[in-house]
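Biologist: Thanks for sitting down with me. Could you put the model up so that we can go through it together?

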Amino acid sequence: MTTTRSRKLCLAQQPDADEMLSRDPFALLVGMLLDQQIPMERAFAGPVAIAKRMIGPFDPVTVAHYDPDAFVEVVAGPPAVHRFPTAMAARIQTLAKHLDEHYGGNASGLWCDVKSGDDLLARLSALPGFGAQKAKIFVALLGKQLKVRPRGWREASEPYGEDGAYKSVADVIDVASLVKVRQFKQEQQLVRRPVVARPLRQTRNG
């Protein structure tokens, strides 16, 4: 088992889930993968729930070779780890297979020998289920909370690497910071909401 060897994370706001995230890089990656279309705390509580339901250890090799139908049942619960358990079960297994094939099943191999922030971002962007934004946020999370700080990591994670910002999971260290991050996301959603033009009323002359 590889470890993050750093401070205790507070992403799931649950002691057992956060303990696992703090010591297990694969759990942290899976939590990040799940962090879409559900509350952040629920996403990062997912790995410990999966681990408790699985037969065998929760690691990339075991997950990669787990029977797909059985793994869907693990993710589906009840309670379900995600609102789309079938799709997410497949994504988690695809991620595990990538780690098994490219990093020998060692999730921390993604960053343990990385030389630059751009290199780290490229490795994360190549992960199944990790888009550009998710990869940048994870670079910021590694740098801010786990002290994985290759040269240029802040630049690679822009705008999420900024000090004193509350823009993503990278900035969540307690309940108060979680509230600030959630407020920021809500504000961003309002900004991105399309403005629907209303037709002008026609007035009758006379």
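Biologist: In what order do the elements of the chain run from the N terminus on?

Modeller: Before I answer, a word on the source: this is a predicted model, where local features need pLDDT of at least 70, side-chain atom pairs count only at pLDDT 80 or more, and totals for chains, interfaces and linings use all residues. Residues are numbered from 1 along each chain as its sequence is written, and side-chain values use heavy atoms, with hydrogens and water left out. Helices (H or I, at least four residues) and strands (E, at least two) are DSSP runs, numbered from the N terminus. The chain has 10 helices and 0 strands, and the order is α-α-α-α-α-α-α-α-α-α.

Biologist: What percentage of the residues in the chain is buried?

Modeller: Buried means under 20% relative accessible area, exposed over 50%, and partly exposed in between (1.4 Å probe, protein chains only). Of the 206 residues in the chain, the buried ones make up 46%.

Biologist: Why is helix α2 described as largely enclosed by the rest of the structure?

Modeller: Helix α2 spans residues 25-34, and its buried residues include Pro25, Phe26 and Leu34. Among the elements that cover them are α1 (15-23), α3 (40-53) and α6 (85-103).

Biologist: Which residue caps the N-terminal end of α2?

Modeller: Look for a polar contact, that is, a pair of N or O atoms within 3.5 Å; within protein, one must be able to donate a hydrogen and the other to accept it, and residues adjacent in sequence count only if both atoms are side-chain atoms. Here a side-chain oxygen lies 3.0 Å from the backbone nitrogen of Phe26, and that oxygen belongs to Asp24.

Biologist: How are α1 and α3 arranged relative to each other?

Modeller: Axes are lines fitted to C-alpha atoms, for helices over the stretch in contact (heavy atoms within 4.5 Å), and angles run from 0 to 180 degrees between N-to-C directions. The axes of α1 and α3 come within 8 Å and cross at roughly 95 degrees. Angles under 35 degrees count as roughly parallel, over 145 as roughly antiparallel, 65 to 115 as roughly perpendicular and the rest as oblique. The two helices, α1 and α3, are therefore roughly perpendicular.

Biologist: Is Gln36 buried or partly exposed?

Modeller: Gln36 sits in the loop between α2 and α3. Setting aside neighbours within four places in sequence, its contacts are His82, Met88, Arg91 and Lys134. With a relative accessibility of 22%, Gln36 counts as partly exposed.

Biologist: How far apart in space are Gln36 and Lys134, C-alpha to C-alpha?

Modeller: In sequence, 98 residues separate Gln36 and Lys134. In space, their C-alpha to C-alpha distance is 9.6 Å.

Biologist: Which side chain makes a polar contact with the side chain of Lys144?

Modeller: Lys144 is in helix α8 and is buried, at 18% relative accessible area. Not counting residues up to four places away in sequence, Lys144 touches several residues, including Trp153, Tyr160 and Ala170. The polar contact of its side chain, at 2.4 Å, is with the side chain of Asp171.

Biologist: And which residue supplies the backbone oxygen that lies 3.0 Å from a polar atom of the Gln145 side chain?

Modeller: Gln145 is also placed in helix α8, and it is buried, with a relative accessible area of 2%. The backbone oxygen 3.0 Å from its side chain comes from Ala170.
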